[in-house]
Amino acid sequence: MSLDILTRDEVFSAKPKWREPGGSNYLAMYSSVFGGVVTDPALMVMPLDDHVINRGDGIFEYFPVVDGHAYCLESHMTRLKRSAEIISLDLPFDIETIGKITLETVAISGAKRCGVRMFVTRGIGDFGCSPTSPKNSLLYVIVLAKTAEDGYPPRMFTKGATAITAHVPLKPGFYAQVKSTDYLLNALVALEAYRSGADFGIWFDQEGRLAESSTENVAIVSEDGNLKYPPFVHALRGTGIVRAAQLASELMSCGEITGISQTDITQHEVYESSELFLLSSGTVLPIVKFDGRTVGNGKPGPVSHRLSELFKKDMTEGPAEVRTPVGYDR
């Protein structure tokens, strides 16, 4: 074997073959390593010895931008700060500055509808485990041409999705409270679902109580019309589920549901529910079959449909606290 020794120009050519996967979907990236924004996907790189790569030592957030407004940005900033506090990760900038950097990166991309991922990492250090070797934490912001909702097949919204009970070990409560980049267990839940011919896997705790899916919160509508979702013990405090509970008050006032409650939910209750759906960043995914059993009448239910409508309206006409203008004039 004779390995090629590549030059910088060969690695970072105008259209390198290694960057073809996803390349057209990456619009802009801010890196505090470089101190600015790049719009060439080939330059959207991270140092190999950043502890987020070799130790998973970092946190992240995702939110959609719709009609030039960042959706629920303040909620994501609050959770980012809380995640950093839990794992003793000093933010590279104050939270207001991080928000401004994020919005300006979106503005540079020019995208009015897109997805945004933010990462705060322990920083460049070595390949050891100690979080004390990096001297400074780092911020990366990536703007994606598609929102997370755009990535789901349309049939999930029209015909519904399927799910199974996940048998991958559940995250301890401590980890469930941190939006950590260490998603190995989450990835294995998704893999188990795929191998079982289902779209999603759903976690239950050791007592058989509902927790969450790999990247989504879970809610049900009980037989008596009560919208229920689990406590944030073994489930991340999702911005989508929190906002859904607020928006659902309109459904309760109209008599479309009988109540809204955050409470323990048994597996039996999930089996007997009239509706089961996942929620993530303003996206509602109805589940019509769970563990091979038909949910409700086997079609997306009225509550999931109405919640989806309310989210779409909220993203385009909602109050100022959930719609932050990007500001595209530089």
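Here are a few notes on the aromatic pairs, ring-charge contacts and cysteines of this predicted model.

1. Ground rules first. Local features need pLDDT of at least 70 and side-chain atom pairs count only at pLDDT 80 or more, while totals for chains, interfaces and linings use all residues. Numbering runs from 1 along each chain as its sequence is written, and side-chain values use heavy atoms, with hydrogens and water left out.

2. There are eight aromatic pairs (rings of Phe, Tyr and Trp, the last by its six-membered ring, with centres within 6.5 Å; planes under 30 degrees apart are stacked, over 60 edge-to-face, the rest tilted). One of them, Phe 60 with Phe 119, is stacked, at 6.1 Å centre to centre and 25° between the planes. Phe 60 lies in strand S3 (residues 58-66) and Phe 119 in strand S5 (residues 114-121), so this pair ties together parts 59 residues apart in sequence (strands are DSSP E runs of at least two residues, helices H or I runs of at least four, numbered from the N terminus).

3. Tyr 271 and Phe 290 make a tilted pair, 5.5 Å centre to centre with 40° between the planes. Arg 293 lies over the face of Tyr 271, 3.9 Å from the ring centre (the cut-offs: NZ of Lys or CZ of Arg within 6 Å of the ring centre and within 35 degrees of the ring normal). Likewise, the charged end of Lys 112 sits over the ring of Tyr 328, at 4.7 Å from its centre.

4. Don't look for disulfides (cysteine sulfur pairs within 2.5 Å): the structure holds zero. For Cys 72, the nearest cysteine sulfur is that of Cys 114, 15 Å away.
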